[in-house]
Amino acid sequence: MVYEKLDSYIWIKTRKHLKILHNNKPFKWIYRKYFKADYTGVSKDKWILTDPHDKKTQLFKMNWIPIVRHAVVKYRNSPDDDSLVDYFEKRDKKDFIKDNVSSIRKLAKLSNYKCRVCKQSLVGEESLNINHIVPAKLGGDER
């Protein structure tokens, strides 16, 4: 709802600006020059503001931003509590599966969603490197 209102506001301001910029031209001419269909195919919208010189540069619509709901941790649950290790491992596994592509998920499943060297969870802020078949720490290739 909020994103739709933002898109509507941006549309009104864009239309006014382009009309001021090209005050002697009809809106059909402005439409043909500045508005194209989504070249990526993500949206079926045909009214996306596009750079007339570089057809691959388009205005991103706010409505395309997905709403992300975060799973709430219950009041007394803590990752430091040893009795809840299984709970947080299942939670990490679920987040990892949701956020990664299938090739990385397959590799993670082989290692039980833990690093083969330090045995910590693969879920976290750091990006994953999958180029080491044998870890560099254990004498593998350093590519």
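**Close-up views of the predicted model**

**View 1. In helix 1, Asp7, Thr14 and Leu18 are buried.** Seen down the axis of helix 1, the buried residues fall within an arc of 30 degrees, so they line one face of the helix. The arc is that of the directions from the helix axis to the C-beta atoms. Buried stands for a relative accessible area under 20%, exposed for over 50%, and partly exposed for values in between (1.4 Å probe, protein chains only). This is a predicted model, in which local features need pLDDT of at least 70 and side-chain atom pairs count only at pLDDT 80 or more, while totals for chains, interfaces and linings use all residues. Residues are numbered from 1 along each chain as its sequence is written, and side-chain values use heavy atoms, with hydrogens and water left out.

The buried residues of helix 1 pack against helix 2 (27-34), strand 1 (35-36) and strand 2 (48-49). On the face turned away from the buried side, helix 1 carries the exposed residues Val2, Lys5, Tyr9 and Ile20. Helix 1 itself (residues 2-21) has 20 residues and reaches 28 Å from its first C-alpha to its last, close to the 28 Å expected at 1.5 Å a residue. The expected span is 1.5 Å times one less than the number of residues in the helix. An α-helix has 3.6 residues a turn, so residues three or four places apart point the same way.

**View 2. Thr14 lies in helix 1.** At 14% relative accessibility, Thr14 counts as buried. Leaving aside neighbours within four places in sequence, Thr14 is in contact (heavy atoms within 4.5 Å) with Phe35 and Leu49. Phe35, at 4% relative accessibility, also counts as buried.

**View 3. A search of the whole structure finds three aromatic pairs.** One of them is formed by Trp11 and Phe27, which are edge-to-face at 6.4 Å centre to centre, with 85 degrees between the planes. Trp11 lies in helix 1 and Phe27 in helix 2, so this pair ties together parts that are 16 residues apart in sequence. The rings of Trp11 and Phe35 have their centres 5.4 Å apart and their planes at 65 degrees, so this pair is edge-to-face too. Since Trp11 lies in helix 1 and Phe35 in strand 1, the pair ties together parts that are 24 residues apart in sequence. Rings of Phe, Tyr and Trp (its six-membered ring) pair if their centres lie within 6.5 Å; planes under 30 degrees apart count as stacked, over 60 as edge-to-face and the rest as tilted. Trp11, Phe27, Tyr31 and Phe35 form one aromatic cluster. Trp11 is partly exposed, with a relative accessible area of 26%, and Phe27 counts as partly exposed at 26%.

**View 4. Lys25 lies over the face of Trp29, and Lys33 over the face of Tyr34.** Lys25 is at 4.8 Å from the ring centre of Trp29. For Lys33, the distance to the ring centre of Tyr34 is 5.8 Å. A charge sits over a ring if NZ of Lys or CZ of Arg is within 6 Å of the ring centre and within 35 degrees of the ring normal.

**View 5. Leu84 is found in the loop between strand 2 and helix 3 (85-99).** Its relative accessibility is 18%, at which Leu84 counts as buried. Not counting residues up to four places away in sequence, Leu84 touches Asn77 and Ser78.

**View 6. Lys114 lies in the segment after helix 4 (102-110).** Lys114 is partly exposed, with a relative accessible area of 24%. Lys114 and Glu89 are 25 residues apart in sequence and 9.6 Å apart in space, C-alpha to C-alpha. With neighbours within four places in sequence left aside, the contacts of Lys114 are Glu89, Lys119, Gln120 and Leu122.

**Whole chain, for orientation. The secondary structure of the protein chain comes to four helices and two strands.** Read along the sequence, the pattern is α-α-β-β-α-α. Helices (H or I, at least four residues) and strands (E, at least two) are DSSP runs, numbered from the N terminus. Of the 143 residues of the protein chain, 14% count as buried. Among contacts between residues at least 6 apart in sequence, 18% join residues at least 24 apart. The accessible surface of the protein chain comes to about 12,200 Å², of which 56% belongs to carbon and sulfur atoms. Accessible areas come from the Shrake-Rupley method with a 1.4 Å probe; for residues, only the protein chains shown count as cover.
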